[in-house]
Amino acid sequence: MAETDKDDLISIIDENEKDAPIPDTLPLISVRDIVIFTDMLLPLFIGREKSVRAAEAAVEKDGYLFLAAQKDPNIENPKPDQIYTVGTVSRILRMLKLPDGHVKSLVQGIAKARIVKYVSKKSLYRVKIEIIPDEPFEDIDLGIEALMRNVREHSEKILALRGEMNNDVSVILENIDDPGKLADLVASNLKLKIDESQMLLELIEPMERLKKVNELLSREVELSSMQAKIQSDVRDEISKSQRDYFLREQVRMIHRELGESDDRAKEIQNFKRKIKNAKMPKIASKEALKQLKRIEQMHPDAAEASVVRTYLDWLVDMPWSKSSKDVINIKNAKSVLDKDHFGLNNIKDRILEHLSVRKLNPKMKGPILCFVGPPGVGKTSLGQAIASALNRKFIRISLGGIRDEAEIRGHRRTYIGALPGRILQGMKQAGTNNPVFMMDEIDKLGSDFRGDPSSALLEALDPEQNSAFSDHYLNLPFDLSKVMFILTANLTDTIPSALLDRMEVITLSGYTEEEKKTIAQRHLIPRQIKANGLKKKTVSISTGALVKVMSEYTSEAGLRNLERELGSLCRKVARKIAEGDKGPFKITKNNLEKYLGVPKYFPELDQENSQVGLSTGLAWTQAGGEVLYVEASLIGGKGELIITGQIGDVMQESARAALSYARANLGSLGVKENIFENKDIHIHVPAGAIPKDGPSAGTAMATALISALTNKPVNRDVAMTGEITLRGRVLPVGGLKEKALGALRAGIRTIIIPEKNKKDLKEIPLNVKRKIDFVPVKNMDKVLALAIDGKVMDDR
């Protein structure tokens with residue numbers, strides 16, 4: 001053995017010592033993560049103190065030592081029972097001692113052996129061993145040759161897939177004729193688990209070992225093939241990504257050299273700043289940052305990048321925590337409401353009550369109000385006035401004709417062109433989370449195969465649920481509890497009951513003539529004068545002319561047609577000024593027809609005289625209250641009842657009930673009992689082209705029929721409303737205020753109402769009560785006494 005510097009090459013086996021016999025007792029080194037096979041040549045790094053001493057002890061003699069694998073590679077100092085008993089007698093060919101005391105060596109497996117017992121365990125392990133010889137093969141038959149060839153081919157294929165195949169390896173494999181040696185060589189180069197390698201080492205019979213190696217090779221070929229395919233795909237993808245990245249970096253550097261900014265980096269920073277400033281809830285902020293991270297990793301031109309970018313734009317623009325400060329000044333709010341709207345005291349009181357409660361409890365939830373009334377009474381403009389009084393933003397959407405649920409809840413982001421629903425679009429437009437949000441035409445929502453929008457509104461309009469309203473597009477809870485929702489409708493019949501239950505319904509019945517006159521003088525006339533480019537000094541409309549416009553040119557509960565006629569007046573004046581007339585122009589009731597033409601309505605002349613078989617009923621429509629004339633006539637026939645005028649099932653039943661009541665009381669009415677033997681009864685309700693139905697025409701039909709039977713006229717100044725029974729009782733009806741206003745417009749001065757509707761007289765304005773005499777009745781006798789005989793009979 002040649003000696004060199006002890007910090008460098010410590011030992012080299014002398015050529016004369018290569019064939020030295022293997023001693024029975026050898027130093028033991030336990031190795032981790034590897035099993036040593038015979039004829040295996042490998043570098044071994046030795047670091048543990050016991051192992052270093054064992055290596056030094058081996059070098060001091062003939063270089064032999066025993067290498068056995070640890071059962072658990074994580075144990076630093078294994079005990080004898082933690083080391084496999086079967087290992088390999090190996091010889092140190094080279095050994096280099098490093099400055100830190102560790103040893104680097106080159107060892108070669110010599111023979112397989114088994115530990116008989118441990119001789120020493122203190123400073124180093126010494127073991128007594130027993131050599132395990134391989135069974136020699138004298139004759140290799142075709143089966144063995146085929147198996148060996150299969151192992152060689154599999155080995156070459158694996159090495160080729162790994163890129164480690166060369167001619168030298170192929171020659172080595174072909175020159176090994178011993179099955180055991182071939183199995184050991186291949187096993188030593190397979191990437192096997194420790195327990196699998198140890199199992200091969202402990203197989204004594206060479207053919208069994210070779211068969212097992214062949215099985216493991218087959219599995220390894222499949223794994224290596226799959227790994228090679230994956231690596232190839234990844235390499236292609238990485239190559240493309242690297243190329244794209246390289247080109248993008250080049251473009252970025254070009255922009256930088258030209259002095260242009262990096263738009264992508266700016267966009268990311270801009271989003272980060274907006275997400276921070278939006279003060280989102282934790283769950284929304286987490287989602288926004290997640291989507292921002294996604295867009296950072298995406299190619300800027302990727303199809304999904306624009307989708308994510310649009311989603312982030314919506315997230316950062318939503319008013320998560322931005323609120324407008326309410327002006328809690330009750331007197332100021334009242335003056336604002338009175339300035340823009342005359343009358344409507346019940347609605348104004350409700351708004352002032354809301355403000356009062358909010359002043360005492362700032363955290364209260366927003367109310368959900370529903371204004372119900374005929375067109376033109378100011379439902380929408382009232383919402384604007386409320387927003388002004390509260391110092392809040394005003395948002396209005398129209399729900400009329402909407403049939404798709406996605407209009408309310410939004411579309412899912414998977415759809416092309418997806419957007420949030422109308423509610424969140426309105427919230428973004430408002431820029432605050434507590435606007436006055438008006439939804440017009442709630443009674444005109446539709447539904448079809450795309451869903452039911454009214455059901456989607458249930459969550460938004462439920463104070464117990466809308467604090468976490470979920471839109472399909474954002475897919476995050478948004479707080480709507482601070483929003484003041486105001487809905488409008490012409491009638492409540494078509495609103496689903498579940499939705500109606502969530503609203504506080506406030507009815508706007510319409511305006512009286514006095515209210516219309518005041519509103520026109522305060523608001524409508526000045527607005528039309530300004531809209532048509534006129535000046536107040538140029539044109540004036542007298543009170544008489546205004547009253548005539550209301551009574552003879554319009555017939556409505558609201559103000560739309562009145563404003564149209566006033567606008568027409570102003571346009572006529574504007575034309576005259578444009579043609580050279582200087583004015584001023586005074587419009588009075590005497591010259592009104594020059595501007596508006598002949599009157600359109602003659603309400604007081606509909607019945608010039610009281611007539612037999614013609615009574616005046618009252619009806620409620622979406623446009624307010626109206627008079628409803630009922631005609632009855634006796635004609636030759638066989639007692640049949642003929643009903644015309646396109647009336648519905650309810651009114652037809654009222655007509656039959658009226659006929660049954662008349663037949664049962666022919667004697668008390670002074671009519672012959674056999675009158676129906678040769679007479680038919682024809683009841684007609686003009687106009688025939690307009691569908692009519694409802695439960696309030698019973699008294700009018702009975703009065704007209706009995707008037708025809710008795711040949712006595714019905715007082716033209718008396719109108720009536722109420723349903724009757726077969727015994728003549730008069731039942732209560734709804735919409736009394738609207739009907740009263742309609743009767744006033746028609747010039748009626750007396751209205752017969754059911755006794756149980758007396759409570760509704762409190763809602764009738766005082767100026768209407770002064771002009772109309774309301775007569776409550778319990779039965780038809782009183783109705784007939786007043787309408788036909790002209791006096792009220794005593795209770796019977």
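The model is predicted, local features need pLDDT of at least 70, side-chain atom pairs count only at pLDDT 80 or more, and totals for chains, interfaces and linings use all residues. Residues are numbered from 1 along each chain as its sequence is written, and side-chain values use heavy atoms, with hydrogens and water left out.

**Exercise 1.** Determine what span helix H23 should have, and state how many of its residues are buried.

*Solution.* Helices (H or I, at least four residues) and strands (E, at least two) are DSSP runs, numbered from the N terminus. The expected span is 1.5 Å times one less than the number of residues. H23 covers residues 698-710, so its 13 residues should span 18 Å. Its end C-alpha atoms lie 18 Å apart, which agrees. As for burial (under 20% relative accessible area; exposed is over 50%, partly exposed in between; 1.4 Å probe, protein chains only), 13 of the 13 residues of H23 are buried, so the rest of the structure largely encloses this helix. Just after H23, Asn711 adopts a positive phi of about 60 degrees.

**Exercise 2.** Identify which strands pair with E6 (residues 103-120), and in which sense.

*Solution.* Two strands pair if DSSP finds at least two bridges between them.

1. E3 (residues 41-46) runs antiparallel to E6, joined by 6 bridges; Leu41 stands opposite Gln108.
2. E5 (residues 86-97) is antiparallel to E6 over 11 bridges, with Val89 opposite Ala111. These two strands form a hairpin with 5 residues between them, and Gly101 in the turn has a positive phi of about 95 degrees.
3. E7 (residues 125-131) is antiparallel to E6 through 6 bridges. Ile115 faces Ile129 in E7, and a hairpin of 4 residues joins E6 to E7.
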